[in-house]
Amino acid sequence: MLYWLLYPLKSEIFAFNIFRYITFRSALAALTALIISFVVGPFLIRALQRFSFGQVIRSDGPASHQGKKGTPTMGGVLIVFAVITATVLWGRLDNIKIVFLMVVMVILALVGFLDDYLKIRLKNSKGINGWYKLAAQAAIGLGIGLFLFFFDSTTALVSMKFNEISKTLEVAQVTGIPSTTLFIPFVSEWHFDIRWLYIPFSMLIVMSTSNAVNLTDGLDGLAIGLMIFMAIAYSVFAYVAGHMTASGYLLVPHIRDAAEITVFTASLVGAGLGFLWFNAHPAEMFMGDVGSLSLGGVLGVIAIFLKQEFLLVIVGGVYVAELVSVVIQVVSFKLRKKRVFRMAPLHHHFELSGWHESKVVLRFWIIGALLVLIGIATLKIR
């Protein structure tokens, strides 16, 4: 919004020309989301306490978690509000992918809000039927897949050459390819157009990421800290993908309208840091499903838009491990009547093995940060 208000004034005051730069607007979006979180956070905590929106704790979980019963939940409202506000202020709303990301975040936040509300009112940890949540996630993945298949039909591969006269990189060739193409990290030559199969694939991505973050959100600061790392990684990839020279030099698929996604991912970083201020151990509030479902789903959509779907497995490795641990536990118990882990998701296994909650969170953060560095390194190893 501010882009349209202030950038046209550059003809009168040249300093307003700075609003054309995505890096500037992304930095201010992150700062705006952070400030909103700091300012609104205490008011939200008091409001949640006033309405008795306290966390319901699983009876079969670690005994140390029983002391968290009644801690304000639904704090994800703060994240969603900060991200949407910062994006509207600093993003270009004529970018359809920015609009899609905000819509996806709001829809999944509403699903999560209903789930949290039912948990609190019914005084149990079940919430809405899991199939309903899966249906909402699948519908979003279906919509994104159909959009890319029918309306956003091409991306591009750009090759660069070095001009010996001007000593600069120049575009040598631009090759249009379908947006239903999958790219493999580390190997630039490996890309496959899966055509209509991309539609169910996008559904799988959204469902997996949304549920992975939801399952990881079990310890103070764990899920939001990992999300911040992932948002930083995808900020880098969004900026590179939208920049023709950078994408050509680094052999990344060039997506013309991808750079503006950096504003959204930067807002995620700022809002995440602001929420972590209140969610750090001992947490003053939890994000609840309103936060975890929306954050996970929107990260999946970002990966789809940037053609970096498989990068999720690398930079979101901890989320993947948490999700896989639950699948292994359920399958093992149904087939063998035995558990592989002391408790799933994985972070509870380490808690019951004697690790303090803070140690689990910090070590998972360290692993998450290392995986993000590996993911960013794929920019050069192609």
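Mentor: Helices, here runs of at least four residues, and strands, runs of at least two, are assigned by DSSP and numbered from the N terminus. In this predicted model, the protein has 14 helices and four strands. Its radius of gyration is 21 Å, close to the 21 Å that the globule rule gives for 382 residues, so the protein is as compact as a globular protein of that length. Buried residues make up 52% of those 382 residues, and residues 24 or more positions apart account for 72% of the contacts with a separation of 6 or more.

In soluble globular proteins, nonpolar side chains tend to be buried together. If we follow Phe-264 and leave aside its neighbours within four places in sequence, we find it in contact with Val-83, Thr-87, Ile-98, Leu-101, Met-102, Met-105, Val-298 and Ile-302.

It is also worth looking at a loop residue, Asp-257, which lies between α8 (244-250) and α9 (261-279). Asp-257 counts as buried because its relative accessible area is 15%, where the cut-off is under 20%. Not counting residues up to four places away in sequence, Asp-257 touches Asn-95, Ile-96 and Lys-97.

Note on methods:
Residues numbered from 1 in each chain as written. Predicted model: local features only at pLDDT ≥ 70, side-chain atom pairs only at ≥ 80, totals over all residues. Heavy atoms only, no water. Buried < 20%, exposed > 50% of the residue type's maximum accessible area, 1.4 Å probe, protein only. Contact = heavy atoms within 4.5 Å. Rg over C-alpha atoms; globule rule 2.2 N^0.38 Å.
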